[in-house]
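Dear colleague,

I am handing over the structure below, followed by an account of what was found in it. Please read the account with the structure open beside you.

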Amino acid sequence: MATENAAKRLKTDAPSSSPITIGTHNGHFHADEALAVYLLRQLPAYAGAELVRTRDPARLAACHTVVDVGGEYDAARHRYDHHQRGFDTKFPGRTATRLSSAGLVWLHFGRDIIAQHLQRLRGGEDSKPSEENKNSSSDADVDVLHPKLYETFVEALDANDNGVSAYDHAALAAAGIEKRFSTGAFTLGALVGRLNPKWNDVLPSDPAAAQAAEDERFVAASARIGEEFVRDLDYYARSWLPARAIVRAAYDARRRHDPRGRVLVLEGQAVPWKDHLYALEEQDPEAAGKDDAEADKVLYVLYPEKPTPDAKWRVQAVPVVTDGFQSRKALPEPWRGARDAQLDEVSGVSVPGAVFVHASGFIGGHQTFEGAMEMATKACAF
């Protein structure tokens, strides 16, 4: 799959005297083409690109790049539509979701966008990528972030546009599982969708003026979804990725705190640890394939509330899944909801200074590392 040379092809495909044009459909807009257009415009080759929103085949044929319209996927000709019969392209390693225009652009240009962002982080906010590094597709960090950003952000837009539900509703109904509360339908797709005109909005009577107003809304929607995407990219590049080495060091040292490796300590400060812990356990022959309740899985993670010597310590139960509330082993039921001196008493921890345990048992706290470690040790044996 020739995705790595996409940016290089752009340099030669468009005459220098002609501005690059990005074509997409007009009418009701969606999150996938809004993000696709935003992503393209982050690349130097598309800086200042003109946007053409139309369904006129002749006008689209004159565009350098076309997304989400035209019934054609041909990366060599910069055509990125997914509506045609027989289209079944998926992101490498993902099996449930066909790509939309967002996924297609991310597949072909995502590595360049990440490399550019990393170069700016490493060289300063105003830094431009150097010739030797600006499309560093061999960079190991790009290798990690390209699929990660697809999984955490872009795939949701592909699924939304292709009608893929996050859950099998028939299976949920058969199991008697019902949604407990409304999330307000605030999804990434809805974030863009709500910027479309409402059914009863008064629109300009002049067709050209109406199209201009619609295009203005689309540009605002593209900027809005792009803003959220950049926040996600920056989090994973600036915070999540550097945490890998810290979590690995803590994982390697975990038996120093508990002979069975059930307590992991993040010394110095808290970092995003869940994804990295799960990945390390999958790679660990002692932990891979074992039930969550077995000894080689980490049950509790300890970390200071802030990176200062007087910081209080947290004891957090490892969740079964990253974004879930079910713990592998929640803190003991008699401790839940207790605070301060009452918690000192019911927990039996010899070091005074217990702070709290959440009513669900997923997290607790102590004023000292020693007390937090004793809480975790007792909880393991409870």
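Trp106 and Phe229 are both buried, where buried means under 20% relative accessible area, exposed over 50% and partly exposed in between, with a 1.4 Å probe and protein chains only. Please bear in mind that this is a predicted model, in which local features need pLDDT of at least 70 and side-chain atom pairs count only at pLDDT 80 or more, while totals for chains, interfaces and linings use all residues. Residues are numbered from 1 along each chain as its sequence is written, and side-chain values use heavy atoms, with hydrogens and water left out.

A search of the whole structure finds 11 aromatic pairs; rings of Phe, Tyr and Trp (for Trp, its six-membered ring) pair if their centres lie within 6.5 Å, and planes under 30 degrees apart count as stacked, over 60 as edge-to-face and the rest as tilted. The ring centres of Trp106 and Phe229 are 5.3 Å apart and their planes stand at 75°, so this pair is edge-to-face. Because Trp106 lies in helix α4 (residues 101-123) and Phe229 in helix α8 (residues 207-252), the pair ties together parts that are 123 residues apart in sequence; helices (H or I, at least four residues) and strands (E, at least two) are DSSP runs, numbered from the N terminus.

Phe229 also forms an edge-to-face aromatic pair with Phe153, at 5.3 Å centre to centre and with 80° between the planes. Phe153 belongs to helix α5 (residues 140-162) and Phe229 to helix α8, so parts that are 76 residues apart in sequence are tied together by this pair, and Phe153 is buried, as is Phe229. Elsewhere, one aromatic cluster is formed by Tyr46, Tyr73, Tyr80, Phe87 and Phe109.

Helix α4 deserves a separate look. Of its 23 residues, 19 are buried, so α4 is largely enclosed by the rest of the structure. A kink of about 65° in α4 is centred on Phe109, the bend at a residue being the angle between axes fitted to the seven residues ending there and the seven starting there. Gly103 is also placed in α4, and Gly103 is buried, with a relative accessible area of 0%. Between Gly103 and Tyr80, which are 23 residues apart in sequence, the C-alpha to C-alpha distance is 9.4 Å.

Turning to the strands, five of them form an open sheet with mixed pairing, in the order β2-β1-β3-β5-β4; two strands pair if DSSP finds at least two bridges between them. The edge strands, each pairing on one side only, are β2 (50-53) and β4 (73-74). Strand β1 pairs with β2 in the parallel sense over four bridges, with Ile22 standing opposite Leu51 in β2, and two bridges join β1 to β3, which also run parallel. There, the bridge partner of Gly23 in β3 is Val66, and Val66 in turn has Arg79 as its bridge partner in β5.

In a regular strand the side chains alternate between the two faces of the sheet. From strand β1 (residues 21-24), Thr21 and Gly23 point one way and Ile22 and Thr24 the other way, and all are buried.

With kind regards
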